[in-house]
2 protein chains.
Amino acid sequence: MFAIRDFFKSARDAALAVAAVLLFAASAQAQNDPLPSWNDTAPKAAIVAFVGKVTKEGSPEFVPVPERIAVFDNDGTLWVEHPMYTQLTFALDRVKALAPQHPEWKDTQPFKAVLEGDMKTLAASGEKGLLELVMVTHAGMTTSDFQKVVTDWLSTARDPRFKRPYTELVYQPMVELLAYLRANGFKTFIVSGGGVEFMRPWAEKAYGVPPEQVVGSSIKTEFRMQDDTPALYRLPEVNFIDDKAGKPVGINQEIGRRPIAAFGNSDGDLEMLQWTTMGGAPARIGVLIHHTDADREYAYDRDTEFGRLDKALDAAAITGWTVVDMKSDWKEVFPHQ
Amino acid sequence: MFAIRDFFKSARDAALAVAAVLLFAASAQAQNDPLPSWNDTAPKAAIVAFVGKVTKEGSPEFVPVPERIAVFDNDGTLWVEHPMYTQLTFALDRVKALAPQHPEWKDTQPFKAVLEGDMKTLAASGEKGLLELVMVTHAGMTTSDFQKVVTDWLSTARDPRFKRPYTELVYQPMVELLAYLRANGFKTFIVSGGGVEFMRPWAEKAYGVPPEQVVGSSIKTEFRMQDDTPALYRLPEVNFIDDKAGKPVGINQEIGRRPIAAFGNSDGDLEMLQWTTMGGAPARIGVLIHHTDADREYAYDRDTEFGRLDKALDAAAITGWTVVDMKSDWKEVFPHQ
């Protein structure tokens, strides 16, 4: 005999069972989700689908492990670049630190502007002024001394808005993405306009990317033996600018394989995404991080000075690159949130 | 009762048992020996001891896996460089192949000398003439076209003495050494004066060294978009010469870590061995291959033109680098022997 109360009882049991299954599934999914800081929107789906097809043996788009090369811009793609590239902040701080040894800087531009915090005059000094700043702060010492200067600066410098070390202002979704790609047999490289020796001292800890997988701009160095001790001296001369059309050149020079995945955020990454995705094998992915989140980070694209995203955004619509809307596609932005 | 014949019988059994144990042990050792083409002389012992101490956790000379960087010269260290660098043979063959499109070469040096097989005049054209040959044969095409030219040439070209493809004239002991180091957590790099894009197409198959771990000399390249197809064009302009004092520069530029093991065979490797072994951490090894075997390969050192081993041989005695005597230290030279 089937009583009403039995019906309710079994209905309740069934509901509980269904709830338990759903809860378990949700929890299992969360545990297995390699990209928990990404919302379940189109960019995440596109990335996961891409990884799925290139790693599926027997599939026509399968890519053997050695050819799974992924390249990432750094400034604005892996960490914050606003309101000023961190490396430029470093250069300005170095000018202030070195000023006592250079009394002449009080009356010489662009140093005078830096010491007086006159950013307008500094900006007016243009690329030439900037290069001068880079040379006096980045050259004239050995590579190991420079590495120490960078490491020491990063250990004390703090971002003025977020009040945190710059190496904590990396994007948590991108850190997860790097690890996810590596777990799927990818070799992950940084390909940045920033100085290669400015990035190498901390990129391994921050991103899991070892020094030999960091490609960047560089100044010339010279080998010298002094008292049976070899050293590399950093010379005040540009060696290579790894930006815009220089990025495919740097990739070819130092990696020697065409990537199958490229991640950037600005017009400086346009050629890298073209080189990665166009005219090559079928399974390729190009991704642009679009800074749309003034609350949690910054919002900028076509009208910004650093990290301008204009031509590349137009190209994305035509070529089918994935555009990540930081505000709606990222659940978290920083590791500390 | 113990009869004489029983004694002999058990003595024979014991001897057989001992022999069996010895045979088994020898066979097990041969199977476990990661360097079977090396004789059991001092260089092999030095290499095995070095690997043992840097990989032994808790030892004062332990080196963590990411820092186990080993660098290898190519010409004369990993494959034959005599009587002429293979890349130069390639350039001469290319001049002959391209000659029908360049009737003017019949009357222009150094091309005339190449076409007439006049090696004396060619040598007299010096570095300038050589550079001219390299530029007409290595530039003026895309990187992927050049890769195809190299691959096609290697598939048909044969060494005149050994009558084999050049990629079979690699040194079996060094191929074993590369694999042995990798099995012990090392990342193996080629750091060669040869052209990086001449080596990359075959280094992975021949040595297990992927393109991104090949450092070499290079010419400049330029990124161009044509009809929505990106390409890198090879320009007739030197970018970097990865030889002598250039080797530590190239290592720093592309690897960004100081190696703990370096293998070379000539004065072109002197600075690379200095940079690797001097003034750094305690556990380092520098090795020079000394070509002493005219029967199986070649014998040359101080008086040769290519691959001269003179200053570096003197330095080895002072700094304690390991010198491999090809004749006495290598059981086999080539894979096919």
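Before you click, a word on names: helices (H or I, at least four residues) and strands (E, at least two) are DSSP runs, numbered from the N terminus. Chains are lettered from A and ligands numbered from 1 in the order in which they are written, and residues are numbered from 1 along each chain as its sequence is written. This is a predicted model, where local features need pLDDT of at least 70, side-chain atom pairs count only at pLDDT 80 or more, and totals for chains, interfaces and linings use all residues.

**Stop one: K53(B).** Select K53(B), and you land in helix α2 (residues 42–55) of chain B. K53(B) counts as partly exposed because it has 15 C-beta neighbours inside 10 Å (20 or more would be buried, 12 or fewer exposed, with C-beta atoms placed from the backbone). Now show S59(B), E61(B) and A283(B): these are the contacts of K53(B) once neighbours within four places in sequence are set aside. Contact here means C-beta atoms, placed from the backbone, within 7 Å. Next pick H82(B), which is 29 residues from K53(B) in sequence and 35 Å away in space, C-alpha to C-alpha.

**Stop two: where the chains meet.** Colour by chain: 30 residues of chain B are in contact with 30 residues of chain A. On the chain B side, α9 (196–207), β3 (214–226), β4 (229–240), α10 (246–254) and α11 (270–277) each supply at least two residues.

Definitions and conventions: Two residues are in contact if their C-beta atoms, placed from the backbone, lie within 7 Å.
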